[in-house]
Amino acid sequence: MLTLKTVDEVAIRDLVERARVDARGLNDSVTITDSALETLVRLSGGDARRSLTYLAASSGAAISRGVHLLVGEQPAWARTRLVVDYDLVCRHPSTVGWQV
């Protein structure tokens, strides 16, 4: 049986920053303020996959509005939107986050 372990906050911050700048990730298309980064770290609860999902959702929502800066609690709003989309629209976890 595979058991996933939580990741410390430093590792989550590093992962989010790498995903933000890497060409396989967001390719430096958004800037994240310290407060938004702290929100992502807090929301992830030590789950690296969750941090990437929330990063993708919040940046996708921002970019769709023509904004390339994540600030404060924007990632928390995007997380709420993911749940709404999953529960009310898609009902299929592989598409969650891309409905934002």
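**Salt bridges and a helix contact**

Modeller: Aspartate 22 is partly exposed, because its relative accessibility is 28% and the class lies between buried (under 20% relative accessible area) and exposed (over 50%), with a 1.4 Å probe and protein chains only. This is a predicted model, in which local features need pLDDT of at least 70 and side-chain atom pairs count only at pLDDT 80 or more, while totals for chains, interfaces and linings use all residues. Residues are numbered from 1 along each chain as its sequence is written, and side-chain values use heavy atoms, leaving out hydrogens and water.

The partner of aspartate 22 is arginine 24: the two form a salt bridge, with the closest N and O atoms 3.0 Å apart. The term requires a side-chain nitrogen of Lys or Arg within 4 Å of a carboxyl oxygen of Asp or Glu. Arginine 24 counts as exposed, at 77% relative accessibility. By this rule there are eight salt bridges.

Two others lie in helix 1, which covers residues 9-21. Helices here are DSSP runs of H or I with at least four residues, numbered from the N terminus. Aspartate 14 bridges to arginine 18, their closest N and O atoms being 2.7 Å apart. These residues are four apart in helix 1, so about one helical turn separates them. Aspartate 14 is partly exposed at 41%, and arginine 18 is partly exposed at 47%.

Glutamate 9 and arginine 13 are likewise four residues apart in helix 1, about one turn. The closest N and O atoms of their salt bridge are 3.5 Å apart. Glutamate 9 is partly exposed at 48%; arginine 13 is partly exposed at 24%. Glu9 and Arg13 also join Glu38 in a network of salt bridges.

Helix 1 packs against helix 2 (residues 34-44) at about 120°, with the axes 10 Å apart. Axes are lines fitted to C-alpha atoms over the stretch in contact, and angles run from 0 to 180 degrees between N-to-C directions. The two helices are therefore oblique, since under 35 degrees is roughly parallel, over 145 roughly antiparallel, 65 to 115 roughly perpendicular and the rest oblique. Contact (heavy atoms within 4.5 Å) involves Glu9, Ile12, Arg13 and Val16 of helix 1 with Leu37, Glu38, Leu40, Val41 and Ser44 of helix 2.
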